[in-house]
Amino acid sequence: MSSAAEEIAAEQRHVDRVYARLEVLKKEAAEIERAGYQMAHAGTHGALVERDAMVFHAARRRRLLDAEHEGLVFGRLDLKGGEIRYVGRLGLRDENARALVIDWRAPAAAPFYRATPVDPMDVVRRRVIQSSGEKVTGVEDDLLDPESAPPDLRVVGDGALVATLARATGTGMRDIVATIQKEQDEAIRSPALGVTIVRGGPGTGKTAVALHRAAYLLYNDRQRFAGGGVLVVGPSPVFVSYISRVLPSLGEDEVTLSALGSLVVGVEAGRHDPDDAATVKGSLRMARVLARAARDEPPAAPTELRLLYRGTLLRLTAKDLLEVRTTVLAGGARRNAVRPKAAGHLLDALWRQASGLLGSVPPREEFATDIAERREFTGFMRAWWPRLRPVDVLAWLADPERARRYGNGMLSGAEVTALSASLARPGLSVEDVALLDELDELLGTPPAPPRRTADPFTVQGVREVTTYADRMAAARGRNTERPADYREYAHIVVDEAQDVSPMQWRMIGRRAAYASWTVVGDPAQSAWAGDPAETARARDAALGTRRRSEHVLTTNYRNSAEIFALAAEVVRRTEPDLELPVAVRRTGVPPRHVLTTDLPDAVRGAAADLLREVDGTVGVVATQASRDAVAGWLAGLAPERLQTVTSLEAKGMEYDGVLVVEPAAILTESPAGRRTLYVALSRATQRLTTVGTDDSWRD
């Protein structure tokens, strides 16, 4: 104990020095920013430009230094020859330019994550420093090269990783920056360009690796990745909320997080369709079905155009209108974008007809100007060629007759029924969002007249007094401001990729024309019931011909061996050859199973027991159909620590204690039910309880 206290005190002295230096650098950055503003007094254009540069960089540095840095210094390396390196969340140097702490993403910090007893990389001792605010609370050491250790080198604790795994979780995912393991670090530091594929079972840290990789890329090439943007796509809003704190804790807040149901602007979908409807909506065949719908006439569209010109009736029949529509949409033209062209073709047809009937008519331009301004023509155009929204066209498929016509030769009768029935339900599903994105691509947007950019310094017609720096900053802001429907990301992270449908791969791919990728998933956890070969084709089309590197994570750090043994037993009953990770720790506490005839009472009692047994969070996993009812049974029971989720929403989540409600129902709720149950059973770090009225899932 005295050795540990002495080591903690020694590390506290260094941490105090780091925080003292941090305060000095904060003051220096503020002084540079103030000095930059003073340069404008020179009155020259050069001084103004230099001022802008000084102010911009000083303000950015001050913002970084002012960020909250919980555990600013978290690691130490003792190297052969006596060199000591401290590793932290950002790099700092002393007044003589000597490193006080190295940024965890810097090459010099790599041995902290990659050194092993087999390959110590000149590291004798690796130490993790645990802190609360600016106070050091503990140290945990790994002795990697005992033969090179000096006689007075102390080794404290049972190892940083084991200590961290025993900690209670919070309501959000925490970063793993202090305990990244070698195989995880290799994936994080994979080359920036191309596609990095990370596979691993439950608890292997796939999601944390993907998020830390995003932070690493931003550190190494900020101009490219912050300028172009990084998009992280997750399976559900619950998951996105869970991971939302990780990147800010690493000093990165320029990353866009989105669930699959939120990728289309203005849409927030959370519910999932039944498997039969979800499978057909996710199939690539839907792209052809939607293409037919996008070219069809809207419901109640007029079937002929009639108007009088100089006392003569001009009439375009349904056949004439179909010919115009076919001509205008030839070559894959986008419907909304070619609306003016459609009007022009109608006017051409009317002018030719008038010429044949009347003999002498004004030139085409004069005739078109006259007709185009008539109320009967503009009214006809609004009804015959309206500006369509994707949601309008998707709603057409709720009509079984239209769905049969669009799906003729591609969808079976049962698939048509499932599709139209699902679209007749109120609200949008997660699976609908990819269809909306496809329709947006097919329909296009009407050409917009050019807009003048408003002067940000004009208020009610009066121009404010401004500085040159103000105007330059506003110009930079306009240049870097991204549209709501931004599609030119520099890097895209796809988590739980095994559940992304072919149509969803097309949706994500439209945002990745210039992007590198990080794709994270586990085939053993797949709930997607569609054609695997079709999914692979859609994924490969989205990823393109970019160079690929693959990393496999083999160690389960989340579950105790007792908990994961149950999950593995369940999934291996039908898939005995699956490669599953190895759980690295034991708690001596096996899962608890409750068989009951009073499900609500048993569920509430089991949840209360878990809340007493663990210090952190408790997740209750139910079927999609029963989630709301189960949440009602648990109303008022520690809402700040307890969360009820569906079996699909549980993907990627982690809790100290987990209660799985009616495992047999989860097993049978979908064709992928066994894999879904495997996911539900592998969410817990400390305790697992199952409650059900049917125990057949254990047979």
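Colleague: What makes β3 and β4 count as paired, and in which sense do they run?

Modeller: In this predicted model, two bridges join strand β3 (residues 92-93) to β4, and the strands run antiparallel. A pair needs at least two bridges, so β3 and β4 meet the requirement. Arg-93 stands opposite Ala-99 in β4. The hairpin of β3 and β4 has five residues between the strands, and Ala-97 takes a positive phi near 70° there.

Colleague: Which strand pairs with β4 in the parallel sense?

Modeller: That is strand β2 (residues 84-88), over two bridges. Gly-88 has Asp-103 of β4 as its bridge partner.

Colleague: Why is β4 called largely enclosed?

Modeller: Four of the five residues of β4 (residues 99-103) are buried, so the strand is largely enclosed by the rest of the structure.

Colleague: Which strands form the open sheet, and in what order?

Modeller: The order is β9-β8-β14-β15-β7-β16, six strands with parallel pairing. β9 (255-259) and β16 (548-553) each have a single partner strand, so they stand at the edges and one side of each lacks a neighbour in the sheet. On average, neighbouring strands are turned by 15° against each other, direction ignored.

Colleague: How do you know that β8 and β14 pair?

Modeller: Four bridges join β8 (residues 230-234) to β14 (residues 491-494). The requirement is at least two bridges, so these strands pair, and they run parallel. Val-232 stands opposite Val-493 in β14.

Colleague: Which helices lie across strands of this sheet?

Modeller: Helix α21 (residues 502-509) lies across β8, β14 and β15 (516-521). Helix α22 (residues 532-543) lies across β7 (195-200), β15 and β16. Helix α21 runs at about 150° to β15, and helix α22 runs at about 150° to β15.

Colleague: Why is the pair of Tyr-486 and Tyr-489 called edge-to-face?

Modeller: Their ring centres are 4.8 Å apart, and centres within 6.5 Å make a pair. Their planes stand at 80°, and planes over 60 degrees apart count as edge-to-face, so the name applies. The structure holds nine aromatic pairs. Ring pairs also link Phe-74, Trp-104, Phe-112 and Tyr-113 into a cluster.

Colleague: Are Tyr-486 and Tyr-489 buried or exposed?

Modeller: Buried means under 20% relative accessible area. Tyr-486 has 13%, so Tyr-486 is buried. Tyr-489 has 9%, so Tyr-489 is buried.

Colleague: What makes Arg-335 count as lying over the face of Trp-385?

Modeller: Arg-335 is at 5.6 Å from the ring centre of Trp-385.

Colleague: Which residues have the most contacts inside the largest nonpolar core?

Modeller: Trp-104 and Leu-681 do, in a core of 75 residues. Helix α6 (residues 206-220) gives the largest share of this core, nine residues. A second, separate core of 52 residues includes Val-280, Leu-290, Ala-294 and Leu-543. Returning to Leu-681, its contacts include Ile-563, Val-660 and Trp-697.

Colleague: How many of the residues in the chain are buried?

Modeller: Buried residues make up 52% of the 699 residues.

Key: Residues are numbered from 1 along each chain as its sequence is written. This is a predicted model: local features need pLDDT of at least 70, side-chain atom pairs count only at pLDDT 80 or more; totals for chains, interfaces and linings use all residues. Side-chain values use heavy atoms; hydrogens and water are left out. Axes are lines fitted to C-alpha atoms, for helices over the stretch in contact, and angles run from 0 to 180 degrees between N-to-C directions. Contact means heavy atoms within 4.5 Å. A nonpolar core is a set of buried Ala, Val, Leu, Ile, Met, Phe, Trp, Tyr and Cys residues joined through side-chain atoms within 4.5 Å. Buried means under 20% relative accessible area, exposed over 50%, partly exposed in between (1.4 Å probe, protein chains only). Rings of Phe, Tyr and Trp (its six-membered ring) pair if their centres lie within 6.5 Å; planes under 30 degrees apart count as stacked, over 60 as edge-to-face and the rest as tilted. A charge sits over a ring if NZ of Lys or CZ of Arg is within 6 Å of the ring centre and within 35 degrees of the ring normal. Lists of a residue's contacts leave out its neighbours within four places in sequence.
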